[in-house]
Structure formats: C-alpha cells, structure tokens
Amino acid sequence: GGDVTPSEATTIYIDASAGAAGDMLLAALVDAGADSSAVLASIEQVLPGARVSFDEVTRAGLRARRATVAAPETSPHRRWRDLRTAISTADLPPRIGRGVLAVFGRLADAEAAVHGIDPDDVHFHEVGAWDSVCDVVGCVAAIESLSPARITCSAVATGSGTVVGEHGTMPVPAPATAELLARRQVPTIPGPAPFEACTPTAAALLCHFVD
C-alpha cells in the first residue's frame, strides 16, 4: 500500500522440503510472475538456439509449472575458464551477468575443493551441460525480473542413496552439493527419498541468493 512498490515489499520463499533442482526453481520463478520473455532473452544471449518452454502440469493433484530445455546434450565450455569467458562476453545486463558468474564461481570453488584442483581447471561435467547453463542463466534473470526485497528458504531436502556421475557412483548428497551447503551452513533434511533430491546447480543458486 501507499507508495511502496511491489518489488520493495516482495519476499520470495522457496520451499525446498522435497529438494530442489535448477529447472524446478526456474519454472517456479516464472510461475510466480517472473517475465518469461526476459528470461528467454537472457538464455538466448548465452546459448543461441536454446529453447525453453514452460508448460502447466499436475503433480500430486496440484497445478504446477514445468520448464523443459531443448539444447545440445553436451557443452563445449566444460572447463570453468572457458564457460566464464562465454558468460563474460555474452550481451547480458550487467547485474544478470555478474549473478551468473557468481553462481558458477561457487560451483567451481566447491568442485575444486572436493577434487583438490585449481578452480580454473574444474570440468563441470553434468553441471556444465547446456541445460544446467540455461537453468542458472534463467533463474538469475527471473530473480532480477521479480526484484525481491529478500529471498528465504526452508531447510533443504538432500535425498539419500547414491548418484551415478562421470566420476562414478557417489553418495547423496554429491560431494560438491554437500560442500556448497556446508559452506553456507544451510539446514538440510537427509532422506528419506532414495535419490538425489538437491542438485549441485540448485545448491549453488540457493547459496548465492538466499538471505
């Protein structure tokens, strides 16, 4: 009310009690009112030709939105230094560009820590695939569109069991996810879902944006 603009009064609350993934966060942000045109335009600047669609679906009897990415299966920018150059040279609004670099920087630092290598030499593997780049760019652009006063989050469900990646079979949460969440001292809910409930991409987004 009064002369308070919606953005000044807006708090984004993320319910991660069932976990989080980049595409889930992107779809939820668009469903909450983020400008999908601005989101798609930012993704196009980094990944020309990538296509992202937003469809209404039903989950557990409730209406929801799903983001589907159509892009090449692999990325030529697997190494952090190469991906960083691609993002830096893209024609993105400065705040969005800085946000995308910061999120991937967190991922690179976490991967470097768990593998014992220099961040510049990190190969993102699954995280470096085009769909994950779309998720990060899209989420950063969506949050910029919503311009919230603050972002809060529930405790994050991590799941349980194992996940198979390019380094082999690893425990859940994956080492990089565990490292990211531990650095921010994020409250977590282990199990009981027998799968990876929180992905490294989502962990990096949450750790960057949540107050």
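The buried residues of helix 3, which spans residues 36-46, are Val39, Ser42, Ile43 and Val46, where buried means under 20% relative accessible area, exposed means over 50%, and partly exposed lies in between, all with a 1.4 Å probe and protein chains only. Seen down the axis of helix 3, these buried residues fall within an arc of 100 degrees, so they line one face of the helix; the arc is taken from the directions that lead from the helix axis to the C-beta atoms. This is a predicted model, in which local features need pLDDT of at least 70 and side-chain atom pairs count only at pLDDT 80 or more, while totals for chains, interfaces and linings use all residues. Residues are numbered from 1 along each chain as its sequence is written, and side-chain values use heavy atoms, with hydrogens and water left out. Helices (H or I, at least four residues) and strands (E, at least two) are DSSP runs, numbered from the N terminus.

**Around helix 3**

- The cover over the buried residues of helix 3 includes helix 2, strand 2 (51-59), helix 5 (94-115) and helix 6 (130-146), with contact meaning heavy atoms within 4.5 Å.
- At the start of helix 3, a side-chain oxygen of Asp35 comes to within 2.9 Å of the backbone nitrogen of Ser37.

**Helix 4 against helix 5**

- Two packed helices are described by the angle between their axes and the distance between the axes.
- Helix 4 (residues 80-89) packs with helix 5 at an angle of about 170 degrees, and their axes are 10 Å apart; here axes are lines fitted to C-alpha atoms, for helices over the stretch in contact, and angles run from 0 to 180 degrees between N-to-C directions.
- Helix 4 and helix 5 are therefore roughly antiparallel to each other, a label for angles over 145 degrees, whereas angles under 35 count as roughly parallel, 65 to 115 as roughly perpendicular and the rest as oblique.
- Helix 4 contributes Trp80, Leu83, Arg84, Ile87 and Ser88 to this contact, and helix 5 contributes Gly97, Val100, Leu101, Phe104, Gly105 and Ala108.
- Sorted by class, the contact of helix 4 with helix 5 has seven nonpolar, three polar and one charged residues, where Ala, Val, Leu, Ile, Met, Phe, Trp, Tyr, Cys and Pro count as nonpolar, Asp, Glu, Lys and Arg as charged, and the others, Gly among them, as polar.

**The enclosed helix 8**

- Nine of the ten residues of helix 8 are buried, so this helix is largely enclosed by the rest of the structure.
- The buried residues of helix 8 are Pro200, Thr201, Ala202, Ala203, Ala204, Leu205, Leu206, Cys207 and Phe209.

- Most residues other than glycine have a negative phi, and most peptide bonds are trans.
- Val172 and Pro173 are joined by a cis peptide bond with omega about 0 degrees, and Pro173 sits in the loop between strand 7 (168-171) and helix 7 (175-183).
- Another cis peptide bond joins Gly191 and Pro192, with omega about -5 degrees, and Pro192 belongs to the loop between strand 8 (188-190) and helix 8 (200-209).
- Ala60, in the loop between strand 2 and strand 3 (62-70), has a positive phi near 55 degrees although this residue is not glycine, and Ala60 is exposed, with a relative accessible area of 84%.
- Ser147, in the loop between helix 6 and strand 4 (150-153), likewise has a positive phi, near 45 degrees, and counts as partly exposed at 37% relative accessibility.

**Ser17 and its surroundings**

- Ser17 lies in the loop between strand 1 (11-14) and helix 2 (22-31), and at 42% relative accessibility this residue counts as partly exposed.
- The side chain of Ser17 makes a polar contact with the side chain of Asp15 at 2.7 Å, a polar contact being a pair of N or O atoms within 3.5 Å; within protein, one must be able to donate a hydrogen and the other to accept it, and residues adjacent in sequence count only if both atoms are side-chain atoms.
- Leaving aside residues up to four places away in sequence, Ser17 touches Ser154, Ala155, Ala157 and Ile189.
- Ser17 and Pro190 are 173 residues apart in sequence, while from C-alpha to C-alpha they are 10 Å apart in space.

**Two strand residues**

- Thr152 in strand 4 is buried, with a relative accessible area of 19%, and, not counting residues up to four places away in sequence, Thr152 touches Thr11, Ile12, Tyr13, Ile14 and Val210.
- Ala70 in strand 3 is partly exposed, with a relative accessible area of 29%, and, not counting residues up to four places away in sequence, Ala70 touches Gly49, Ala50 and Arg51.
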